[in-house]
Amino acid sequence: MATAFGFLLLGSLLRAPFPILWLRIFVAAAAVVLLLQEIGVLKFPIPQNARLVPQFVTRIPFWGSVQFGMEMGTGMRTYSPTALPHVMAIAVMFLASWPEALLAGAGFALGRTVMLLTFVTARSKMSADTAFYFTLPRLRPLFVLLIIPMLVPLVLP
């Protein structure tokens, strides 16, 4: 929710001088490019803050965990294997209302939960790695299809 709130707040400033039609065209174009990257038609790296768990988390009993949890939960400290959060971030930033941004934040949290549940349900690190490196990439077209109904109400009047 914090991430969605931040995107919406920043977006409120960025979108103010532009007509809504221009913003819809921009979001639609960005979504098409990122979704084509997601299914492998286009090849370019996705921006990410690829950092691992810092050592200070264990040395600062409470606040280290809180800071790290906030960074991981908001996506500020994470590897990003997909472009889909970027698609939603752009849509929230330039087109979403407050309720839509909150729903997007809940969806992001659900996505982070799926990753955690994959590790928890895996019987070993090898099976978790197998799921992330071999199974999930085969599901990318399905995820692309699932994000389209979320974008259409924002982009089309």
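Predicted model: local features only at pLDDT ≥ 70, side-chain atom pairs only at ≥ 80, totals over all residues.
A nonpolar core is a set of buried Ala, Val, Leu, Ile, Met, Phe, Trp, Tyr and Cys residues joined through side-chain atoms within 4.5 Å.

**Figure 1. Overview of the chain, which has eight helices and zero strands.** Read along the sequence, the elements follow the pattern α-α-α-α-α-α-α-α. Of the 157 residues of the chain, 31% count as buried, and the chain exposes about 10300 Å², of which carbon and sulfur atoms supply 77%.

**Figure 2. Close-up of the largest nonpolar core, a set of 25 residues.** The members that touch the most other members are Val-27, Leu-35, Val-87, Val-92, Leu-95, Ile-147 and Leu-151. Helix 1, helix 2, helix 5 (84-95), helix 6 and helix 8 are the elements that give two or more residues to this core, and helix 5 gives the most, with eight residues. In soluble globular proteins, nonpolar side chains tend to be buried together.

**Figure 3. Close-up of Leu-95 and the residues around this core member.** When neighbours within four places in sequence are left aside, Leu-95 is in contact with Arg-15, Ile-20, Leu-23, Arg-24, Val-27, Glu-100, Leu-154 and Val-155. One of these partners, Val-27, is itself listed with Leu-95 among the core members that touch the most others.

Figure 4. Apart from residues up to four places away in sequence, Leu-8 touches Arg-15, Val-92, Ala-96, Ser-97, Trp-98 and Ala-101. The C-alpha atoms of Leu-8 and Ala-91 are separated by 9.4 Å, although these two residues lie 83 residues apart along the chain.

**Figure 5. Close-up of two tilted aromatic pairs, Phe-5 with Trp-98 and Phe-18 with Trp-22.** A pair of aromatic rings is described by the distance of the centres and the angle of the planes. The count of aromatic pairs in the model comes to three. The rings of Phe-5 and Trp-98 have their centres 5.5 Å apart and their planes at 35 degrees, so this pair is tilted. Because Phe-5 lies in helix 1 and Trp-98 in helix 6 (residues 98-121), the pair ties together parts that are 93 residues apart in sequence. Phe-5 is partly exposed, with a relative accessible area of 45%, and Trp-98 is likewise partly exposed, at 44%. In the pair formed by Phe-18 and Trp-22, which is also tilted, the distance is 6.3 Å centre to centre and the angle between the planes is 40 degrees. Phe-18 counts as partly exposed at 41% relative accessibility, whereas Trp-22, at 54%, counts as exposed.

**Figure 6. Close-up of the one salt bridge that the structure holds.** Side chains of opposite charge can pair when their charged atoms come close. Here the side chains of Arg-140 and Glu-38 meet at 3.7 Å, N to O. The pair links distant parts of the chain, with Arg-140 in helix 8 (residues 140-155) and Glu-38 in helix 2, 102 residues apart. Arg-140 is partly exposed, with a relative accessible area of 22%, whereas Glu-38 counts as buried at 3% relative accessibility. Leaving aside neighbours within four places in sequence, Glu-38 is in contact with Thr-82, Ala-83, Leu-84 and Val-144 as well as with Arg-140.

**Figure 7. Close-up of a nonpolar patch on the surface, formed by Val-32, Val-33, Leu-36, Ile-39, Val-41 and Leu-42.** Together these residues have about 460 Å² of accessible area. Leu-36, one of the patch residues, is found in helix 2 (residues 20-38) and counts as partly exposed at 30% relative accessibility. Glu-38 also has its place in helix 2, but this residue counts as buried, at 3% relative accessibility.

Note on methods. Residues numbered from 1 in each chain as written. Heavy atoms only, no water. Patch = residues over 30% accessible without salt bridge, like charges linked within 9 Å, V, L, I, M, F, W, Y side chains within 5 Å. Areas by Shrake-Rupley, 256 points an atom, 1.4 Å probe, with all protein chains shown as cover. Salt bridge = Lys/Arg side-chain N within 4 Å of Asp/Glu carboxyl O. Helix = DSSP H or I, 4+ residues; strand = E, 2+ residues; numbered from the N terminus. Buried < 20%, exposed > 50% of the residue type's maximum accessible area, 1.4 Å probe, protein only. Contact = heavy atoms within 4.5 Å. Phe/Tyr/Trp six-rings, centres within 6.5 Å; stacked < 30°, edge-to-face > 60°.
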